[in-house]
Amino acid sequence: MAHFDPNARPFSNKWMNERLAVDTLKRVLSTEYWIPKNINFLWAMGMVLAATFGVLLISGIFLLMYYIPDTKLAFDSVNYTIMSEVGYGWLWRHVHGVAASVVFLIIYIHMLTGIYYGSYKKGRELIWISGMLLFVSFSAEAFSGYMLPWGQMSYWAGMVITNLFSLGSLEFNGLVEWIRGDYVPGQAFLGRFFMLHVLLMPLIIIGLIVLHFGTLRMPHVNNKDGEEYDFDAEAEKWKAGKRKESKVIPFNPVFLSKDVFVLGIYFILFFYLVFYHFEFAMDPVNFDPADPLKTPTHIYPEWYFLWSYEILRPFSKDIGLIWFGFAQVIFMLLPFLDRSPNVAPANRRRPFRCWFWILVVDMIVLTIMGKLPPTDPTFALIGKVAAYTFIGLWIALPFITMKEKLVGGKK
Ligand code: HEM
């Protein structure tokens with residue numbers, strides 16, 4: 001049982017430590033949380049993501065004050081009330097829309113950094129898996145948010161995506177209707193996606209961010225060479241004043257100040273987009289109110305879903321669904337599919353380096369093709385080849401990495 005000093009001044013350091021162990025928390029999470037020196041600005045993307053999520057939460061709360069989750073009123077509450085009547089409503093909407101799009105760009109950069117430097121390997125598997133759960137949750141958050149303005153794309157994208165739950169020729173229509181709460185998207189559908197977007201998904205995301213940070217604490221952050229440090233010994237050097245010799249820096253204040261610098265540059269670019277190019281985050285078709293009797297000629301998702309949409313599209317209904325499911329889960333399995341003993345960056349792992357860059361180019365091609373209408377046979381063919389390439393790359397990964405010899409960085 002801890003000893004409590006009856007004379008400790010309320011809320012003084014001593015008083016707080018006896019109740020919350022604030023000093024221990026500060027040490028474990030901040031001043032004695034050691035980060036390798038050998039990293040670059042890409043390692044600030046995690047903080048950029050956390051900050052962008054904060055922006056989404058704050059702007060979302062302001063929008064929530066005026067949004068009405070009713071199929072007859074939702075469109076006007078967004079496009080008229082928030083955009084024209086509420087002071088600075090347009091600003092909160094543009095901030096929210098731009099952040100929703102940019103967050104995916106940063107997530108992809110963060111994921112690719114992890115793949116390039118092998119940050120999912122040896123002891124870091126749970127960081128990767130919790131990260132992938134965050135990716136799936138962000139996808140659900142973005143999709144449910146897209147339903148809320150109840151425009152043409154909200155309605156028809158909602159129709160197409162929920163149709164996927166009929167599971168192809170199994171024609172599991174009962175499941176689709178159960179999800180929609182009706183035969184077609186309507187009030188029940190909007191109500192439940194509203195709940196998902198403003199309550200359940202944000203709660204899940206917050207929980208997962210805490211888990212993601214927790215999984216980082218024990219294995220520590222990876223570095224540019226994938227080198228395994230003796231963190232205690234390196235930390236001792238730092239504490240003894242041998243700062244040049246030590247390979248690590250404390251999270252607070254040293255690493256944090258670098259993060260804040262990157263965040264500063266990021267927010268300049270972010271607000272440049274908000275004030276001058278917000279249209280990129282708004283689909284023009286969604287400025288028409290939902291009309292169940294008028295199907296848009298070309299239905300497509302937001303840019304960040306296009307690569308997986310293009311894996312679904314070129315195949316027949318059932319096969320397309322199988323590959324679409326494959327694309328959703330395969331990244332999660334990466335720590336187990338990469339069989340090589342190396343935690344070195346991709347530039348030191350020759351075949352893996354080729355695999356990595358082909359994957360990046362292939363996903364860009366899939367994204368571009370996914371935006372084009374499926375009517376042009378050349379583009380349809382390119383899309384199909386890119387989809388096969390994606391599938392082939394993942395099937396080949398264990399075989400490519402199994403043969404890898406130990407290189408530069410330590411195991
Ligand atoms: C909102 C979502 C996310 C937040 C707030 C977040 C936050 C962070 C932070 C702060 C770090 C430590 C510093 C850094 O490496 O940037 C980190 C590391 C990491 N994250 Fe995320 N992350 C998110 C999503 C993801 C996703 C989608 C993945 C992919 C699966 C992922 C995989 C990783 C990995 C592998 C590391 C370890 C990097 C290393 O050790 O070098 N994260 N994350």
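How do the residues of the shell around the ligand divide into nonpolar, polar and charged? They divide into 17 nonpolar, seven polar and one charged (Ala, Val, Leu, Ile, Met, Phe, Trp, Tyr, Cys and Pro count as nonpolar, Asp, Glu, Lys and Arg as charged, and the others, Gly among them, as polar).

The model is predicted: local features need pLDDT of at least 70 and side-chain atom pairs count only at pLDDT 80 or more, while totals for chains, interfaces and linings use all residues. Residue numbers start from 1 along each chain as its sequence is written.

Select the ligand first. Around the ligand are 25 residues, the closest being G46, G114, S119, G131 and N222 (a residue is near a molecule if its C-beta atom, placed from the backbone, lies within 6 Å of it). At least two residues of this shell come from each of α3 (45-64), α5 (89-116), α6 (125-147) and α9 (187-217); helices are DSSP runs of H or I, at least four residues long, numbered from the N terminus.

Next, colour domain 1 (32-299) and domain 2 (301-411), whose bounds come from an automatic or database domain assignment. Their C-alpha centres lie 22 Å apart. Contact joins 26 residues of domain 1 to 21 residues of domain 2 (C-beta atoms, placed from the backbone, within 7 Å). On the domain 1 side, α5 and α6 are the elements giving two or more residues, and α6 provides the largest share, six residues.

Finally, select α15 (residues 350-371) and α16 (residues 377-402), which pack at about 155° with axes 9 Å apart. Axes are lines fitted to C-alpha atoms over the stretch in contact, and angles run from 0 to 180 degrees between N-to-C directions. The helices are therefore roughly antiparallel (angles over 145 degrees). Among the contact residues are W355 of α15 and F390 of α16.

Note on methods
Parallel < 35°, antiparallel > 145°, perpendicular 65-115°, else oblique. Contact = placed C-beta atoms within 7 Å.
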